Amino acid sequence: MTNKHRGSCLCGEVKYELSGDFQSFFLCHCTRCQKDTGSAHAANLFAKANTLTWLQGENDVRTYQHLNSMHAKSFCQKCGSALPTIAESIDSVVVPAGSLDTPISMKPTAKIFVSRCANWTKNLDNVPNYEELPEQVKS
Ligand SMILES: [Zn+2]
Ligand SMILES: [Zn+2]
């Protein structure tokens with residue numbers, strides 16, 4: 001039996017399914033991924049390319065291929081959400097972890113490009129935690 005995973009974009013226009021297991025899960029801190037995600041790092045799962053099936057909205061998927069590099073990003077043209085990208089050179093599909101709607105049982109394989117970490121991401125253990133939006137932000 002193969003594992004099925006499902007994902008979608010924020011606006012719900014694009015939906016996809018993966019049939020099969022993930023092979024690796026990398027948290028990439030490189031500067032391209034910082035730009036691409038607008039955040040500290042990308043969280044990408046890797047699976048065999050042929051496990052991906054678009055269920056709906058494939059025509060709204062756009063892919064940006066960064067010049068002279070393997071860095072690519074697919075996204076919904078309506079809402080901009082990150083979506084799976086086929087990396088032909090490694091016969092893989094790169095799946096942004098946050099786009100999945102089904103649980104991910106795999107733990108991250110590794111953090112990579114940590115030499116490029118944004119300095120604000122260091123020592124976050126001491127930052128206050130709130131279960132939801134705190135009062136001081138709402139007011
Ligand atoms: Zn969308
Ligand atoms: Zn990266």
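## Two terms for metal sites

Donors are N, O and S atoms within 2.8 Å of the metal (3.2 Å for Na, K and Ca); water is not among the atoms, so sites may look incomplete. Four donors count as tetrahedral if all angles lie between 85 and 135 degrees.

## The model

This is a predicted model, in which local features need pLDDT of at least 70 and side-chain atom pairs count only at pLDDT 80 or more, while totals for chains, interfaces and linings use all residues. Residues are numbered from 1 along each chain as its sequence is written, chains are lettered from A and ligands numbered from 1 in the order in which they are written, and side-chain values use heavy atoms, leaving out hydrogens and water.

## The zinc ion (ligand 1)

Which protein atoms are the donors of the zinc ion (ligand 1)? They are the SG atoms of C9, C11, C76 and C79. These atoms lie 2.3 to 2.4 Å from the ion. The angles among the four donor atoms are 106 to 113 degrees, and the site is tetrahedral.

Along the chain, the donors of ligand 1 follow the spacing C-x1-C-x64-C-x2-C. C11 and C79 link distant parts of the chain, 68 residues apart. C11 sits in the loop between β1 (4-8) and β2 (15-19). C79 sits in the loop between β7 (72-76) and β8 (82-83). Helices (H or I, at least four residues) and strands (E, at least two) are DSSP runs, numbered from the N terminus. C11 is partly exposed, with a relative accessible area of 40%. C79 is partly exposed too, at 29%. Here buried means under 20% relative accessible area, exposed over 50%, and partly exposed in between (1.4 Å probe, protein chains only).

## The zinc ion (ligand 2)

The zinc ion (ligand 2) has C28 (SG), C30 (SG) and C33 (SG) as its protein donors. They lie 2.1 to 2.3 Å from the ion. Their spacing along the chain is C-x1-C-x2-C.

Are C28 and C33 buried or exposed? C28 is buried, with a relative accessible area of 9%. C33 is buried as well, at 6%.

## The whole chain

The protein chain has two helices and eleven strands. From the N terminus on, the order is β-β-β-α-β-β-β-β-β-β-β-β-α. The C-alpha atoms fill a box of roughly 45 × 35 × 35 Å, taken along the principal axes.

Of the 139 residues, 37% are buried. Contact means heavy atoms within 4.5 Å. Among contacts between residues at least 6 apart in sequence, 59% join residues at least 24 apart.

## A buried serine

S92 is found in strand β10 (residues 92-96). Its relative accessibility is 7%, so S92 counts as buried. Leaving aside residues up to four places away in sequence, S92 touches F46, A47, K48, A49, T85, I86 and A87. S92 and L52 are 40 residues apart in sequence. In space, their C-alpha atoms are 9.4 Å apart.

## Two asparagines with positive phi

Most residues other than glycine have a negative phi. N68 is not a glycine, yet its phi is positive, at about 55 degrees. N68 lies in the loop between β6 (61-65) and β7. It is exposed, with a relative accessible area of 77%.

N123 also has a positive phi of about 55 degrees without being a glycine. Its place is the loop between β11 (110-112) and α2 (135-138). N123 is exposed, with a relative accessible area of 69%.

Definitions and conventions: Four donors count as tetrahedral if all angles lie between 85 and 135 degrees; four count as square planar and six as octahedral if opposite donors are over 155 degrees apart and all others between 65 and 115; anything else is irregular.
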